[in-house]
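Trainee: Let's go through the labels used for this model. I want each one set against its cut-off.

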2 protein chains.
Amino acid sequence: MYSVDQFQKLVEKEIAKRSDELLKHSPAELYEPIHYSLEMGGKRLRPVLVLLACNLFSDDVEQALPAAVAIEVFHNFTLLHDDIMDKAAVRRNRAAVHLKFSENSAILSGDAMAFQSYKYLVETRSPRLIDAISLFTQTAIEVCEGQQFDMDFETRLEVSAEEYLKMIRLKTAVLLAASLKTGALLGNADEEASNDLYEFGIQLGLAFQLQDDLLDTFGDQDTFGKKIGGDILSNKKTYLLIKALENASQEQKTALLQWLGKTEFDPNQKILAITGIYKEIGVKELVEKLVDSYFGQAMNILDKLKVGDDRKKPLRELATKMLTRKK
Amino acid sequence: MYSVDQFQKLVEKEIAKRSDELLKHSPAELYEPIHYSLEMGGKRLRPVLVLLACNLFSDDVEQALPAAVAIEVFHNFTLLHDDIMDKAAVRRNRAAVHLKFSENSAILSGDAMAFQSYKYLVETRSPRLIDAISLFTQTAIEVCEGQQFDMDFETRLEVSAEEYLKMIRLKTAVLLAASLKTGALLGNADEEASNDLYEFGIQLGLAFQLQDDLLDTFGDQDTFGKKIGGDILSNKKTYLLIKALENASQEQKTALLQWLGKTEFDPNQKILAITGIYKEIGVKELVEKLVDSYFGQAMNILDKLKVGDDRKKPLRELATKMLTRKK
């Protein structure tokens, strides 16, 4: 059995190999941005989850490597296109593809990555391949739906907590869930176990995204990696803001809406003021409770899974690491 | 057996049904542009080719309908993204999706269409499904490569005839070829026949695209549908221009390059002048000969195919119709 670290190294090596191989194809203008995107690094969370899930049921995890890479390439494709749509300049401390190359490059190389991910997936030798392709396809459609909801929320005045949770489920959780279920399918798990792992991934994904929202406001600059307060400055309708508006007194609500409506302001002042109101309302504790609840549900599912406990250890370790609060 | 017209109606009805069904999904902002794109019409050439090819080997063509729709949805996805990249305002006499909705809509709804096409394809009940998915995926990657070459040629000074033919092979011919081979696979044709149909599609596709280049300069405004001379005005490095430069006298070459270098000119004068030089050089006849040669090779392949001649009739009819000169 492998440790999380070993899986990470295995995945990293496989991605580097395949990414270098793509550079031999032409036209270079299409493949260089793909190589750039895949070499940017990142946590490789999704492919590692594929292997971890496969390893719950099978000792042959190498057969799941093409599918693991497929999901990472798909994930990177979404980043290329999202960064154009969100006008994001930086990704993992480097220039986003649409700025490093061009917007057309980010569109077309992104498209090629989406299809390349199917090419890797189809390499998989497994009697469950059609199931894996169907799952991958349904997930990809849902991720697009999630991104559209996310963009729609930007221009909408009111977003309910329920709508927000649906959005992050589609945009973030389903791909983590699909990574786990893909691993289970390729490990030849039965239907019940595969579905349990999917549900484990949904709960873990929701906890993970809400945790990310928390860190964006309450995190530590150095360990979080991004600038603290970004969501507040862009008026992003996160779960924190939605819950704050829901639970605010009339006075707090007026203050919040005033800050949201300002077109000119000192950034640090806005962050300080809104964080202050959040603290008064107790939004942080409220969201932390929800994170704990989702994480607890995920762990319950994993506990009940009919697999030897030693086999579950690396997955439990990674899940816990994903949710460790960097505050 | 069906006629080409009957196939066209069958395809049109199936696309309308599925397109309407998509409108029931949310978010509407994602699915409305897809519906708009699929309702724009067009010749539905590719899905009809799927059914025609399937019908060569099987009487059950309805089983190939999901795959036929898949390829049309994929084709429309490429139009959404190409129109952003090429800054094209009009598609089939209506506003292009990125202008009717927004650029972000065209990116994201296009992405969803790409995945939706896999969803339709995977519906296919066939022992050859994995082969069909692999072919579809390889083709999609090649179409991206073709579009990248096409964009690269815009900024390059010299493009060889060989490079141009490779580009239109990737951008246009492989998808026609894959449509035919998909139909053959689903009709359970043997490997040789499936590959012959692919090659038939390549030759037909090359003839079709070169014919389109010819019509853009020498066609009849009313029957061509687009404005004549568009390629000349945009200095597009078509086969006509490449061959003209290759075969021009020193004097003709100087005149051509002068027109290509002008930043201010009367459009009609430029079209008239360059068309005049093409006529002197005999480019039209030269390209017509090449079109005839590719078309002849396609027909040879179809003739040799070990299938009853009555079964080949509708495919021969459509291929001939595709190449009928509207001049």
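**Labels and cut-offs**

Mentor: Start with α1(A) and α4(A), which are roughly perpendicular to each other. The model is predicted: local features need pLDDT of at least 70, side-chain atom pairs count only at pLDDT 80 or more, and totals for chains, interfaces and linings use all residues. Residues are numbered from 1 along each chain as its sequence is written, and chains are lettered from A and ligands numbered from 1 in the order in which they are written.

Trainee: Why are α1(A) and α4(A) called roughly perpendicular?

Mentor: The axes of α1 (residues 4-22) and α4 (residues 65-85) of chain A cross at roughly 75°. Angles under 35 degrees count as roughly parallel, over 145 as roughly antiparallel, 65 to 115 as roughly perpendicular and the rest as oblique. So roughly perpendicular is the label for α1(A) and α4(A).

Trainee: What makes α3(B) roughly antiparallel to α4(B)?

Mentor: The axes of α3 (residues 45-57) and α4 (residues 65-85) of chain B come within 8 Å and cross at roughly 155°. That angle makes the pair roughly antiparallel.

Trainee: Why does K87(A) count as exposed?

Mentor: K87(A) has 10 C-beta neighbours inside 10 Å. A residue is buried if 20 or more other C-beta atoms lie within 10 Å of its own, exposed if 12 or fewer, and partly exposed in between, with C-beta atoms placed from the backbone. K87(A) therefore counts as exposed.

Trainee: And what makes N188(B) partly exposed?

Mentor: N188(B) has 15 such neighbours inside 10 Å, so it counts as partly exposed. Phi of N188(B) is positive, about 65°, although it is not a glycine.

Notes:
Axes fitted to C-alpha atoms, helices over the stretch in contact; angles between N-to-C directions. Helix = DSSP H or I, 4+ residues; strand = E, 2+ residues; numbered from the N terminus.
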